[in-house]
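The following explanation is intended for a reader who meets this structure for the first time. Please keep the sequence and the model in view while reading.

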Amino acid sequence: MSKRKLINKKAIREIERYPLVEVRWLDVVSDSSWQSIVSVNEAKLPECVTKGHLLSQSKGITRIFGDFAKGKTDGSVEELGNTTLIPSSIIISITEIKLNKKKK
């Protein structure tokens, strides 16, 4: 998988450095019941979807966060919540979500 260049290093507000993305990835399936060989051979991996801000992609891990706390004085991103780490090798696609900005 090629490294993605979605991080916006020229952003004015810090949160704009981390684009809102939709990540589609394949999950592991496990089943402890008895199954026929045919059934196991026909089983498919489920495609999962995670949406959030792309924090980083390095060393085979894609890091996403859904929530953040702003710094009290400068509005910087101080803490992250609702984080997801996905092995980059199981990712099908990453698509940036563009939001329509309302005029003030």
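The paragraphs below pass from the overall fold to the strands, and then to selected side chains.

The model is predicted. The protein chain contains one helix and five strands, and along the sequence these elements follow the pattern β-α-β-β-β-β. Of the 104 residues in the protein chain, 23% are buried. The accessible surface amounts to about 8,300 Å², and carbon and sulfur atoms contribute 52% of that surface. Among the contacts with a separation of 6 or more, 58% are between residues 24 or more positions apart.

The pairing of the strands comes next. S1 and S2 run antiparallel and are joined by seven bridges. Within this part of the fold, Leu 20 stands opposite His 53 in S2. S2 is in turn joined to S3 by five bridges, and these two strands also run antiparallel. Here Ser 58 is placed opposite Ile 61 in S3. S2 and S3 form a hairpin that has two residues between the strands. In the turn, Lys 59 has a positive phi of about 50°.

Arg 24 counts as partly exposed because its relative accessibility is 29%. Glu 22, by contrast, has a relative accessible area of 17% and is therefore buried. Glu 22 also forms a salt bridge with Lys 51, where the closest N and O atoms are 3.6 Å apart. This pair links distant parts of the chain, since Lys 51 belongs to strand S2 and Glu 22 to strand S1, 29 residues apart. Lys 51 has a relative accessibility of 56% and so counts as exposed. A further salt bridge brings together the side chains of Arg 24 and Glu 47, at 3.0 Å from N to O. This pair, too, links distant parts of the chain: Arg 24 is in strand S1 and Glu 47 in strand S2, 23 residues apart. Glu 47 is partly exposed, with a relative accessible area of 45%. Through shared partners, the salt bridges join Glu 22, Arg 24, Glu 47 and Lys 51 into one network.

Thr 50 is found in strand S2, which spans residues 47-58. Its relative accessibility is 13%, and Thr 50 therefore counts as buried. The side chain of Thr 50 makes a polar contact of 3.0 Å with the side chain of Trp 25. Apart from residues up to four places away in sequence, Thr 50 touches Val 21, Glu 22, Val 23, Trp 25, Ile 64, Thr 84 and Ile 86.

Thr 62 has its place in strand S3, residues 61-70. With a relative accessibility of 0%, Thr 62 counts as buried, because the limit for that class is under 20%. A polar contact of 2.9 Å connects the side chain of Thr 62 with that of Ser 88. When neighbours within four places in sequence are left aside, the residues in contact with Thr 62 include Leu 54, Ser 56, Leu 85, Ile 91 and Ile 94.

The aromatic side chains complete the picture. The structure holds two aromatic pairs. Tyr 18 lies in the segment before strand S1 (20-26) and Phe 65 in strand S3, so the pair ties together parts that are 47 residues apart in sequence. Both Tyr 18 and Phe 65 are buried. The rings of Phe 65 and Phe 68 also form an edge-to-face pair, because their planes stand at 85°, with the centres 6.5 Å apart. Phe 65 has a relative accessibility of 0%, whereas Phe 68, at 33%, counts as partly exposed. The ring pairs link Tyr 18, Phe 65 and Phe 68 into a cluster.

Methods. Residues numbered from 1 in each chain as written. Predicted model: local features only at pLDDT ≥ 70, side-chain atom pairs only at ≥ 80, totals over all residues. Heavy atoms only, no water. Helix = DSSP H or I, 4+ residues; strand = E, 2+ residues; numbered from the N terminus. Buried < 20%, exposed > 50% of the residue type's maximum accessible area, 1.4 Å probe, protein only. Polar contact = N/O pair within 3.5 Å; in protein donor to acceptor, adjacent residues only side chain to side chain. Contact = heavy atoms within 4.5 Å. Areas by Shrake-Rupley, 256 points an atom, 1.4 Å probe, with all protein chains shown as cover. Phe/Tyr/Trp six-rings, centres within 6.5 Å; stacked < 30°, edge-to-face > 60°. Pairing = 2+ DSSP bridges. Salt bridge = Lys/Arg side-chain N within 4 Å of Asp/Glu carboxyl O.
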